[in-house]
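Subject: The structure, and notes on it

Hi there,

Here is the structure I promised to pass along.

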Amino acid sequence: MPPLLICGVLERLNAGEVVIGDGGFVFALEKRGYVKAGPWTPEVTVTHPEAVRQLHREFLRAGANVMQAYTFYASDDKLENRGQTLKITVTQINEAACDLAKQVAGEGDALAAAGVCQTPSYLSCKSETDVKAVFKRQLDVFVKKNVDFLIAEYFEHVEEAVWAVEVLKTSGKPVAASMCIGPEGDLHGVPAGECAVRLVKAGAQIVGVNCHFDPMTCVKAVKLMKEGVEKSGLKAHYMVQPLAYHVPDSTYLGYTELPEFPFGTLEPRTVTRWDVHKYTREAYKAGIRFIGGCCGFEPYHIRAVAEELAAERGIMPAGSEKHGMWGAGLEMHTKPWVRARCRREYWENLLPASGRPKCASLSTPESWGVTKGHADLLQHKEATTTQEMKHALEMQKKAKSSG
């Protein structure tokens, strides 16, 4: 079924369309030298807009139908957290992000979305009024820029996610809500199915998960969300945008607790394009119709999503011009042993080696066991002190020994 040009996200989903999301701007731009690991804030939309624009274009060429404005962590309390002193304002960042997303979306059959995510204010136990005020300041820019729909993403606690949805829905625009949780539920123990029910009741028309977990784990979590919503007699569309990393050794906290995060987690654990084919098919079979990626997802991963569902969607992405399905282009290789790999059966059954003889296949997570409400998660504007760092190192040592 060819995509419905111009139609909004709900119209597409209601018509049975598959909406393909984009990938992970945070890690992609960090690896390219435009985002600082640690704060992970998106001032690059102002300082180097050409980098953001180009990444949008690569995802569009790969087949993405959604250009999500790079507004992740662009809130007042995050920009001034832990000693960060930026002269660029939240409004400048978010306005530039929306402009870039809308520009590239207009170059193809894509929608522009903008979103909010978890806040230092919530982790510091500030009031519902205070946290909602953070979201409202962001929303004002999104409404001014008239993006197509809104996303509340990367929430570890359903309470904060519900607050975000309640703010975003006042705009009258479609709202998607995506939590960074696994099948075990949120960090306060609310089951995944119940999280979805609360989000739908708050006003989200699309619910699901993003980040923190590998593709198949995220699909499993969304299945539980779908079951919960259906048992409650409610209706919703479903989305999934996982990590592009294999993290079977993580617990309910996701990949941030792995000792390799963030600089050693990335490359060794990256999923292949063929892994993405399997994930995409599993998500589609589960009834999920908004399928994309989060941290680690590069354009070639999104192209794999589009290629896997080419028959259902009736279209191939522009990027497939330079990519033979299942390695068909290898027929033109000079080496016969490489030419022999130009078949689906070969790549579907391959078990890639890591090439790291001294590395274990799994790690022991550093399970600190803290979440919102714990003193260690109280945030402040001042830079991390020597005393705080000493405490963190002691906690790390304790977590490693108990692990």
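What covers the buried residues of α10? Before I get to that, a word on the source. This is a predicted model, in which local features need pLDDT of at least 70 and side-chain atom pairs count only at pLDDT 80 or more, while totals for chains, interfaces and linings use all residues. Residues are numbered from 1 along each chain as its sequence is written, and side-chain values use heavy atoms, with hydrogens and water left out.

Now to the helix. Helices (H or I, at least four residues) and strands (E, at least two) are DSSP runs, numbered from the N terminus. Buried stands for under 20% relative accessible area, exposed for over 50%, and partly exposed for in between, with a 1.4 Å probe and protein chains only. The cover over the buried residues of α10 includes α9, β5 (175–179), β6 (206–210) and α11 (215–231). Eight of the 11 residues in α10 are buried, among them Ala196, Val197 and Leu199. After α10 comes Gly203, with a positive phi near 125°.

Cys195 sits in this helix, α10 (residues 192–202), and is buried, at a relative accessible area of 0%. Setting aside neighbours within four places in sequence, Cys195 is in contact (heavy atoms within 4.5 Å) with Val158, Met179, Ile181, Asp186, Val190 and Met225.

A disulfide is a covalent bond between the sulfur atoms of two cysteines. With the cut-off for a pair of cysteine sulfur atoms set at within 2.5 Å, the search of the whole structure finds zero disulfides.

Next, the interior. A nonpolar core here is a set of buried Ala, Val, Leu, Ile, Met, Phe, Trp, Tyr and Cys residues joined through side-chain atoms within 4.5 Å. The largest one has 100 residues, of which Leu29, Met67, Tyr70, Leu199, Val240, Tyr255 and Ile288 touch the most other members. Helix α9 (residues 158–168) gives the most to this core, with eight residues. Another core, of 13 residues, lies apart from it and includes Leu13, Val66, Ile151 and Ile206.

Val147 is worth a look as well: this residue lies in the loop between α8 (128–145) and β4 (149–155) and is buried, with a relative accessible area of 2%. Not counting residues up to four places away in sequence, Val147 touches Cys98, Ala112, Ala113, Ala114, Phe142 and Lys173.

Finally, the domains. An automatic or database domain assignment gives domain 1 (9–325) and domain 2 (368–402). Their centres, taken over C-alpha atoms, are separated by 27 Å. In the interface, 16 residues of domain 1 are in contact with 14 residues of domain 2. The buried area (accessible area, 1.4 Å probe, that two parts lose on being put together, summed over both) is about 1300 Å², with carbon and sulfur atoms giving 49%. Glu80, Arg82 and Leu123 supply 44% of the area that domain 1 buries against domain 2, more than any other three residues.

Best wishes
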